[in-house]
Amino acid sequence: MRLATAANQAYTASLAVSELLGCKQCGGDRGPDEELGIRIPRPLGHGPSRFIPEKEILQVGSEDAQMHALFSDSFAALGRLDNITLVMVFHPQYLESFLKTQHYLLQMDGPLPLHYRHYIGIMAAARHQCSYLVNLHVNDFLHVGGDPKWLNGLENAPQKLQNLGELNKVLAHRPWLITKEHIEGLLKAEEHSWSLAELVHAVVLLTHYHSLASFTFGCGISPEIHCDGGHTFRPPSVSNYCICDIANGNHSVDEMQVNSAGNVAVSDSFFEVEALMEKMRQLQECRDEEEASQEEMASRFEIEKRESMFVFSSDDEEVTPARDVSRHFEDTSYGYKDFSRHGMHVPTFRVQDYCWEDHGYSLVNRLYPDVGQLIDEKFHIAYNLTYNTMAMHKDVDTSMLRRAIWNYIHCMFGIRYDDYDYGEINQLLDRSFKVYIKTVVCTPEKVTKRMYDSFWRQFKHSEKVHVNLLLIEARMQAELLYALRAITRYMT
């Protein structure tokens, strides 16, 4: 198939730049360009992810028929096979839904013109300083005929898009503060006003790219070879090992010593898995024996909400955005603040009063047909996805653990389920895991490999990627609930 061959060639070329030139260290032949002194870039990374060893990620050319079709579809839709796709393919059922949704949002019939869609993607990704996504959509924006002047800064874009900046800011960092006044300001801006359908399309794009920035940082997605940060001009030999070793994921002696030292904790991590399994068993028994009262459930939610304020990482310092990213949004000092910090009282969002299934879904589908269905399918796949495994264990019911992760994220956003016992969260999610979850969801630009490595140490990388799918979909749904509730209140 010509398309699949093109996809294969595109990816192979991006990974094999180092093979264009050999080096004396590994015995390869130098090319004529290097002999002439021409500096040719080599890949800087170790594959699609900085957190996941390249050998554990599916290689193009070794995929089965289903994966092959997914790669082809991705290449056909995007004109590339990007690193996000190559990491998400751990979970092909989800990837298929994700690609279908993103393709519809960006390229199919809808209220917004194509260049607006990519520019909104740039605005959303820039709020989290995600240069990876910004770079991809800068290219897409230009490809569909976008005005290059807009890329000089948000102030150069049309006033209509500039007006979206406030909603982008609040939605990304403190969605519980969105009110119907934010919506009214956009819909009644005279000649720069948005229609309801356009606004729903914009809101879905904003939430999609805020969440995708979380996935990008949470999985340590590496820059594409043709983008800034994706290549290097370093000489072939560095510290007695060759640049080919870097490109192929082989590390220096010092790095290997660090990694072997980390293996001391393998037995400890084994017991962590056993302890988690035992807690799940005990909680199930407690559920079967007695059920907490509504008052007790409400009290446990408030306790968990307060405790989530005190979960922060040791890397919790401000990250100054680079100029090439910060020019796409205003108010660079505005960032995440906890839901109830400094005595602020924001009413709890009760899912029983406004939920995705009964309210948000129908509103989106009415104003932007078919998108509600696509998003709903993606939510359900991420939430229900299971292979009934936990690390080395098989035939495990993981529903309790998946629900705890999902509800913890919504709890951090002030969203409460009346029928859930929030006491389970502290039983199932340890502190290092909570730190990772909160960082990925609220301040993804601060995620480090240390955070990724520190939770669920005995679990497979595919399971950690699954965690990230839960995180991004729970985050997207939380943002959508606040934005769509504000739109509903404006309409009524």
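First, a word you'll need: on a 1 Å grid over the protein atoms alone, a cavity is a set of points where a 1.4 Å probe fits but cannot get out, and its lining residues have an atom within 4 Å of a point. Grid points are joined across faces, edges and corners, and a volume is the space filled by probe spheres set on the points. What you're looking at is a predicted model, where local features need pLDDT of at least 70, side-chain atom pairs count only at pLDDT 80 or more, and totals for chains, interfaces and linings use all residues. Residues are numbered from 1 along each chain as its sequence is written, and side-chain values use heavy atoms, with hydrogens and water left out.

**Stop 1: the largest cavity.** A search of the whole structure turns up two cavities of 30 Å³ or more, and the largest has a volume of about 100 Å³. Select Leu78, Asp82, Ile84, Gln102 and Leu212: of the 15 lining residues, these are the closest to its centre. By class, the lining has nine nonpolar, three polar and three charged residues (Ala, Val, Leu, Ile, Met, Phe, Trp, Tyr, Cys and Pro count as nonpolar, Asp, Glu, Lys and Arg as charged, and the others, Gly among them, as polar).

**Stop 2: Asp82.** Zoom in on Asp82, in the loop between helix H3 (65-78) and helix H4 (83-88); helices are DSSP runs of H or I, at least four residues, numbered from the N terminus. Is Asp82 buried or exposed? Asp82 counts as buried because its relative accessibility is 5% (buried means under 20% relative accessible area, exposed over 50%, with a 1.4 Å probe and protein chains only). Not counting residues up to four places away in sequence, Asp82 touches Tyr132, Leu136 and Glu224; contact means heavy atoms within 4.5 Å.

**Stop 3: the second largest cavity.** Now select Tyr94, Phe98, His208, Ser211, Leu212, Lys378, Ile472, Glu473 and Met476, which line a space of about 50 Å³. Domain 1 (43-222) and domain 2 (271-314 + 335-491) both give residues to this lining, so the cavity lies between them. Those domain bounds come from an automatic or database domain assignment.

**Stop 4: Asp109.** Head to the loop between helix H5 (92-107) and helix H6 (114-127) to find Asp109. Asp109 counts as exposed because its relative accessibility is 70%.

Definitions and conventions:
Helices (H or I, at least four residues) and strands (E, at least two) are DSSP runs, numbered from the N terminus. On a 1 Å grid over the protein atoms alone, a cavity is a set of points where a 1.4 Å probe fits but cannot get out, and a pocket is an open set with protein on both sides within 12 Å along at least five of seven lines; lining residues have an atom within 4 Å of a point.
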